[in-house]
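Please look over the following notes with the model open beside them.

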Number of protein chains: 2
Amino acid sequence: MFEKTIKTTYYYKGRMINMRDDEVELDNGKVSRREIVEHPGAVIIVALTENKELVFIKQFRKPVEKVIFEIPAGLVNKGEELETAAKRELKEETGYVAAKIQKSISAYTTPGYSTEIIHYYIATDLKKELQSFDEDEQIEAELLDLKTAWKKVSSGEIMDNKTIVGMVLAEKFLQGES
Amino acid sequence: MFEKTIKTTYYYKGRMINMRDDEVELDNGKVSRREIVEHPGAVIIVALTENKELVFIKQFRKPVEKVIFEIPAGLVNKGEELETAAKRELKEETGYVAAKIQKSISAYTTPGYSTEIIHYYIATDLKKELQSFDEDEQIEAELLDLKTAWKKVSSGEIMDNKTIVGMVLAEKFLQGES
């Protein structure tokens with residue numbers, strides 16, 4: 001199974017994402033087109049306190065016109081190590097500094113139309129300092145234990161895929177520790 | 001927390017997605033810009049066999065240039081009920097017809113830059129018929145029990161967010177049943 005690129009047309013080259021349309025040839029010889037968003041990739045931080053609470057953030061997300069619950073995440077700066085980016089984003093968005101951080105899985109968010117890959121990190125041994133997010137971000141941090149968080153998934157208060165995956169990883173990490 | 005739209009510029013209007021750039025005003029008066037992909041939304045099908053196996057598909061995804069494991073998913077046709085779309089996509093992509101189907105959660109895939117919302121359905125009482133996917137799709141169906149599937153998440157063989165969320169929903173559904 002493969003799709004060979006015949007022609008690529010760019011429609012947008014932006015600050016974070018690019019948008020292109022690829023003409024492709026399938027194994028069966030048929031020609032089709034694929035709309036593709038190019039994304040630089042991101043780090044996601046599953047931050048667990050001593051009390052086994054997970055660090056969530058609340059922020060307004062323009063694409064969905066809503067304040068939503070998420071776990072901290074952010075883009076990687078050019079030349080920056082993924083782990084450094086994870087620590088930096090956690091500190092910026094929540095004020096928490098992690099003494100321990102370890103890589104978990106990587107996953108695609110929307111492989112049907114975006115190149116985005118996200119890298120999950122588990123952060124522990126947290127110490128609270130001040131938030132220092134970008135001037136154009138408005139973010140509130142909030143701690144929730146996993147039981148409460150799963151209830152918020154069922155009730156529709158948490159409705160973000162990466163956050164739900166992060167909760168699973170938190171749960172598996174805590175199971176492995178106990 | 002809110003961001004008021006000052007100006008919207010469209011850069012691409014396509015077959016599945018549109019791409020726009022919004023100039024927004026934050027609560028603090030600061031002006032910023034948001035790159036936004038408009039997506040029509042999708043249905044995701046968590047299909048469980050009698051033997052508690054989950055129906056996966058393997059397909060080549062051009063944005064990530066790889067054949068990957070996913071659970072069935074697809075766009076909703078204009079005017080189509082979500083549940084009808086879920087049944088249709090399951091049949092098209094895997095050949096399975098579900099006698100029972102029920103709505104689970106809805107979630108955003110990438111609320112940072114896309115409007116996409118996906119609606120999970122749990123499909124049971126499956127009967128295998130023939131696949132009937134679109135001419136430009138090349139898809140293989142495969143059954144996996146959840147234990148094997150979780151191992152494939154750890155090993156990096158399954159690396160799709162919606163699929164991992166679907167596995168959690170399958171697990172919770174089976175726990176509720178037993």
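1. The model is predicted, so local features need pLDDT of at least 70 and side-chain atom pairs pLDDT 80 or more, while totals for chains, interfaces and linings use all residues. Residues are numbered from 1 along each chain as its sequence is written, chains are lettered from A in the order in which they are written, and side-chain values use heavy atoms, without hydrogens and water.

2. Over all chains there are 6 aromatic pairs, that is, rings of Phe, Tyr and Trp (its six-membered ring) with centres within 6.5 Å, called stacked with planes under 30 degrees apart, edge-to-face over 60 and tilted for the rest. In one of them, the ring centres of Phe2(A) and Phe60(B) are 5.2 Å apart and the planes stand at 65°, so the pair is edge-to-face. This pair joins two chains, because Phe2(A) belongs to the segment before β1 (3-13) of chain A and Phe60(B) to strand β5 (residues 53-61) of chain B (strands are DSSP runs of E, at least two residues, numbered from the N terminus).

3. Phe2(A) is partly exposed at 41% relative accessible area, whereas Phe60(B) is buried at 7%. Phe60(A) and Phe2(B) also make an edge-to-face pair, with 5.1 Å between centres and 65° between planes.

4. The charged end of Lys62(B) sits over the ring of Phe2(A), 5.8 Å from its centre (NZ of Lys or CZ of Arg within 6 Å of the ring centre and within 35 degrees of the ring normal).

Key:
Helix = DSSP H or I, 4+ residues; strand = E, 2+ residues; numbered from the N terminus. Buried < 20%, exposed > 50% of the residue type's maximum accessible area, 1.4 Å probe, protein only.
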